[in-house]
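This briefing is meant to be read with the sequence and the coordinates open side by side. Please look at the structure shown here before turning to the points below.

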Amino acid sequence: MTSPNQTSAPAWSAVSERNLGAVLSGVDLTAIASEDIGDLLRGHLEGHYVVVVKGQHLTESDHGRISESLGKMQSQERKMATGEPWSSVHLITNLDLHGKPSENPYIAETFLWHTDMSHKEAPVSYTLLYALELPPTGGETQFADMYAAYDDLPVGDQRRLSGMCVVHSRRRNYIASAQGQMNGSFPTVVHPLVRVHPDSKRKCLYIGLTAEQIVGMDAKESRELLDTLIAHSTQPKYVYSHKWSLGDLVIWDNRCLMHRAARDYEMARYRRTMRRSSVVGSTPAGVGSQDNDAIEAASKANV
Ligand SMILES: O=C(O)CCC(=O)C(=O)O
Ligand SMILES: [Fe+2]
């Protein structure tokens, strides 16, 4: 689809030889009808999990409309450093209360591997992040392919892990961000350790910062297993690090990825401002709760 604002034809390219990551250029999303944006992005999100749309000039309302093309926009419970509630389309920055770049921004949990809102019964599906201000180098966002991390495990481990469930809470996010007092009450949810993606029907590891304890396992053993699985999943062969340019819109699927922001630039010197939103998701399903034939077929097709 072209418009007067588009200078070239939309073109897709891969970021590596693996599935993880696809880049879309030559397209102005503001010039495309909402239903067509969803159609343009969905297939590549399913096949590549992270889509980078280059060269966008998006207002807050454009950002919201693009989010809505992928589903209902997620409302937010969090507050900004100033105490104001986050709107559905909000900013993530490294600025302090006085608007100065800081090494200890208000939200620090994003520097640890996580998947968005996994402490909720129905975590978000997609997150959309748009670069407004960037440091001259660094400040990348890294993505780990949790399908590949699962697929590469020995079959015996896959079977064992597929029967496990994990308690998630925001407790470890609070510790990471060292925010105020820990008031001790963190609601918990239980998710399968191996998640079946609702669209692709493929299996992937569903872990990250909120993964607190494997149900029925000794606490120390459980921590060791979760840490081992996070280390396994974040080996360089499973990771794509996105080097941002201004105008990049990056959309990713939280249901089959972990991600984190790199804390590798002079944070007290340079500003990093990103506009963000996310899309309502569904309750994660485990291996036993789905159509097993479809799951086996999807897994075999991708080995
Ligand atoms: O700032 C980033 O690069 C990523 C932040 C993050 O974790 C998120 O937007 O969900
Ligand atoms: Fe995140």
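What follows goes from the chain as a whole to its helices, strands and one loop.

The model is a predicted one, and its chain has secondary structure amounting to seven helices and 15 strands. Of the 303 residues in the chain, 37% count as buried, and among contacts between residues at least 6 apart in sequence, 80% join residues at least 24 apart.

**Nonpolar core**

- The largest nonpolar core has 59 residues, and the members that touch the most others are Val50, Met146 and Leu205.
- Leaving aside neighbours within four places in sequence, Leu205 is in contact with Met146, Ala149, Tyr150, Leu193, Val194, Leu229 and Ser233; two of these contacts, Leu229 and Ser233, are also listed among the buried residues of helix α6.

**Helix α6**

- Helix α6 covers residues 219-233, and because 15 residues at 1.5 Å a residue should span 21 Å, the separation of 21 Å between its end C-alpha atoms agrees with expectation.
- Leu226, Leu229, Ile230 and Ser233 are the buried residues of α6, and they take up an arc of only 100 degrees around the axis, which means that they sit on the same side of the helix.
- An α-helix has 3.6 residues a turn, so residues three or four places apart point the same way.
- The face of α6 turned away from the buried side carries exposed residues, namely Lys220, Glu221, Glu224, Asp227, Thr228 and Ala231.
- The elements covering the buried residues of α6 include β6 (141-145), α3 (146-151), β10 (203-205), β11 (211-214) and β14 (257-261).

**Helix α1**

- Tyr49, which follows α1, has a positive phi, near 70 degrees.

- Strand β2 has a covered face made up of Ala22 and Leu24, while Val23 and Ser25 form the uncovered one.
- Strand β1 (residues 11-14) runs antiparallel to β2 and is joined to it by four bridges, with Ala11 standing opposite Ser25.
- β2 and β3 run parallel and are joined by three bridges, and the bridge partner of Ala22 in β3 is Val51.

**The loop at Gly288**

- Gly288 lies in the loop between β15 (273-278) and α7 (292-301), and it counts as exposed because it has 12 C-beta neighbours inside 10 Å.
- Although Gly288 and Gly163 are 125 residues apart along the chain, their C-alpha atoms are separated by 8.0 Å.

Note on methods
Residues are numbered from 1 along each chain as its sequence is written. Chains are lettered from A and ligands numbered from 1 in the order in which they are written. This is a predicted model: local features need pLDDT of at least 70, side-chain atom pairs count only at pLDDT 80 or more; totals for chains, interfaces and linings use all residues. Helices (H or I, at least four residues) and strands (E, at least two) are DSSP runs, numbered from the N terminus. The expected span of a helix is 1.5 Å times one less than its number of residues. A residue is buried if 20 or more other C-beta atoms lie within 10 Å of its own, exposed if 12 or fewer, and partly exposed in between; C-beta atoms are placed from the backbone. The arc is that of the directions from the helix axis to the C-beta atoms. Two residues are in contact if their C-beta atoms, placed from the backbone, lie within 7 Å. A nonpolar core is a set of buried Ala, Val, Leu, Ile, Met, Phe, Trp, Tyr and Cys residues joined through C-beta atoms within 7 Å. Two strands pair if DSSP finds at least two bridges between them.
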